[in-house]
Amino acid sequence: MARAYAAQALIPAAIGVLGGTLAGNLLAVPVLNDASKDLGAAGTNLPVWVSLVVPIGTLLIVGVTALIPALRAGRMPAVQTLVVGRAPKAKRGQSAQRLASKLPLPRPMSLGLAQPFAKPARAALVGAAVLFGAVSVTFAVGLETTFTKYQDTGNSGLNAASMLVVPAGTPVGFHSSGGPASPHLDSTKVAAALASVPGTKAAFGWGNSGATVIGASPGDHTLVDTTTGDLSWTNLGLLHGRWYQNPGEAVINDHLASTAGMQVGDTVTVAQDNKRLPLRIVGIDFDASGNGVVMTDNATFTTAGLTPYITQFNVKLADNASRADWSASATAALTPLHAAVTPNIRYPSLTVLTMSALVATLTLMMIAVAALGVLNTVVQDTRERIHDLGVFKALGMTPKQTIAMVLTSVSLTGLIAGLFGAPIGMAVENVTLSRMGSAIGRNLPPSVTHVYTPGILLPLLAGGIAIALLGALLPAGWAARSRTATALRTE
C-alpha cells in the first residue's frame with residue numbers, strides 16, 4: 001500500500017520535473033546571456049549540475065513527502081480506516097478552545113482560531129506551505145524591485161534630462177566622443193542662454209575632456225569628464241564619499257576604483273597635452289558602464305591650465321513647461337551659439353524587462369504552490385471533521401459562519417508564517433544581490449539594494465494570511481455547501 005501511494009505521487013511528479021527542467025533551460029539560457037552582456041560580464045550558461053540536482057532533489061522531496069503518510073496509512077487498522085469524520089482526541093486543543101471562547105469574537109471564529117491546536121502537526125504543514133510562499137514572494141518582490149531600480153539608474157546621472165543641448169548638426173540620440181577634435185559648446189554662453197529661456201528649471205553641461213588617467217589599466221578606455229552647473233537634481237548615486245565641491249577634487253566610478261584599487265582619499269592623476277593634474281578622490285559613484293570614469297569640475301581644469309570640452313547640456317524643464325514652446329524659445333537663443341535642442345531618448349532594457357516578467361511569473365507560481373499546499377491540508381482536515389460540521393449545522397450554524405470558521409482556522413498560522421517568512425525572504429534576497437554584484441564585479445548603490453520600504457514590507461508581512469486564506473477558500477465553500485444530513489451520516 002505504501003509503495004502504491006508513493007508511486008501515485010512520483011509518476012506525475014516525474015513528468016512535471018522533466019517538463020519543468022526542459023522549459024527552465026530554454027528560458028534561462030538566453031536570459032542569462034543577455035543579462036551578462038547588459039551588465040558587462042562574460043556570457044554564461046546554466047551549469048549542468050543545476051539541471052541534474054534540481055530534478056533529483058525535487059523527486060526526492062516528493063518521494064519522502066508522499067512516503068510518510070503512505071506508511072502511516074499502511075499501518076492504520078482496518079476498523080479505523082472505515083471511520084470517516086472522526087474528531088481529534090478529546091483532550092487535545094481543549095485549553096485553546098476555552099481561551100478562544102473568552103475572546104470578543106463570534107463563536108464560529110473562536111472555534112476556527114483554536115482548531116490548529118487540536119491537530120498541531122497538520123497546522124505545521126499549513127505553516128510550512130505558507131512560509132514557503134511568504135519567503136518566495138518576499139524574495140521575488142525584492143528582486144523585481146531591484147531590477148526596476150537598476151534600470152532607473154540608466155535614466156539618472158548624466159542620462160537625466162527632459163531635453164538635451166548639443167553642437168549643431170549632431171544626430172538625434174548621438175553623444176560626441178569629446179576631446180579637441182570633436183564639436184563642442186561654449187559652456188559659459190550656452191549656460192547663460194538656457195537660463196534666459198522660460199521653463200528652464202535646471203541645467204548642467206558635461207563632456208569628455210580627452211585627458212588620460214596616469215596608471216590606468218592599458219586595456220581599459222578610461223574617460224575624464226568635466227562638468228559645469230548643478231548636478232544635484234540628477235540623482236547620481238554614490239557608493240562612498242561625496243560629490244566634488246572644491247577645486248582639485250574628483251569623483252571616480254566603481255569600475256575604476258575596483259580595477260585600479262583606488263578609494264576615497266587617494267589621488268588620481270590625469271594628463272592633457274603633457275600637463276598633469278593630480279585630483280583628490282572624494283567620492284565613488286555607481287556607473288553601469290564597462291569603462292573607468294573620472295569626473296571633476298570645469299573650474300579645476302581651467303585653473304590648472306587644462307582645457308575642458310563640454311559637448312552636451314542636460315536640461316530639466318519646469319513642471320508646467322511645454323516642450324514645444326520651450327524648444328522653440330531655446331532654439332532661437334541657441335542657434336547663434338551653434339547649438340541645437342534635441343529630445344532625450346531613452347530605451348528600456350529588454351533584458352531587465354524580461355527578467356522582471358520571469359520573476360513575476362515565478363512569484364505567481366510560488367503563490368499557487370503554497371496555496372495548493374494549504375488547500376490540500378485544509379481539505380483533508382475538513383473531510384475528517386465533516387461530522388463535527390454536521391453537528392454545528394444542526395445547531396444552527398449558517399453557511400457564512402461555516403466559511404468564517406474554516407478561514408479563521410488558517411489565519412493565525414498564516415500570520416505567524418508570514419511574519420517569519422518576510423525577514424527570511426529579505427535575507428535571501430540580500431545574499432543573492434551580493435553574489436550577483438560580486439559575479440559582475442560591481443558594488444550596487446543603496447538606491448538599488450535598499451528596496452524594502454514600509455510601503456512594500458507591510459503588505460509582505462500580511463502576505464502569509466493572504467496565501468492561507470487563498471488556499472482555504474475552496475474547502476471553506478465546500479464545507480458551507482455540505483448538507484447537514486449527509487454530514488451527520490458520516491459517523
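Axes here are lines fitted to C-alpha atoms, for helices over the stretch in contact, with angles running from 0 to 180 degrees between N-to-C directions. Helices are DSSP runs (H or I, at least four residues) numbered from the N terminus.

The crossing of α4 and α5 is right-handed, meaning the near helix is turned clockwise from the far one by less than a right angle. On the α4 side, Ala-96, Gln-97, Ala-100 and Ser-101 make the contact, and α5 answers with Arg-107, Ser-110, Leu-111, Ala-114 and Phe-117; contact means heavy atoms within 4.5 Å. That contact has five nonpolar, three polar and one charged residues. For these classes, Ala, Val, Leu, Ile, Met, Phe, Trp, Tyr, Cys and Pro count as nonpolar, Asp, Glu, Lys and Arg as charged, and the others, Gly among them, as polar.

## About the model

This is a predicted model, where local features need pLDDT of at least 70 and side-chain atom pairs count only at pLDDT 80 or more, while totals for chains, interfaces and linings use all residues. Numbering runs from 1 along each chain as its sequence is written, and side-chain values use heavy atoms, leaving out hydrogens and water.

## Helices α6 and α16

Next up are α6 (residues 120-152) and α16 (residues 463-481), whose axes come within 9 Å and cross at roughly 130°. The two are therefore oblique to each other, and their crossing is right-handed. Val-130, Gly-133 and Ala-134 of α6 touch Gly-464, Ile-467 and Ala-468 of α16. Sorted by class, that contact holds four nonpolar, two polar and no charged residues.

## Helices α7 and α10

Helix α7 (residues 187-196) packs on helix α10 (residues 323-334) at an angle of about 145°, with axes 9 Å apart. This crossing is right-handed. Val-190, Ala-193 and Leu-194 in α7 meet Trp-326, Ala-333 and Leu-334 in α10, giving six nonpolar, no polar and no charged residues.

## A look at the cavities

The whole structure has two cavities of 30 Å³ or more. A cavity is a set of points on a 1 Å grid over the protein atoms alone where a 1.4 Å probe fits but cannot get out, and lining residues have an atom within 4 Å of a point. Points are joined across faces, edges and corners, and the volume is the space filled by probe spheres set on them.

The second largest cavity holds about 40 Å³. Its lining is Gln-115, Asp-381, Thr-382, Arg-385, Leu-389, Met-405, Val-406 and Ser-409. Helices α11 (350-384) and α13 (399-440) each give two or more residues, and α13 gives the most, with three. The lining has three nonpolar, three polar and two charged residues.

Conventions
Angles under 35 degrees count as roughly parallel, over 145 as roughly antiparallel, 65 to 115 as roughly perpendicular and the rest as oblique. On a 1 Å grid over the protein atoms alone, a cavity is a set of points where a 1.4 Å probe fits but cannot get out, and a pocket is an open set with protein on both sides within 12 Å along at least five of seven lines; lining residues have an atom within 4 Å of a point.
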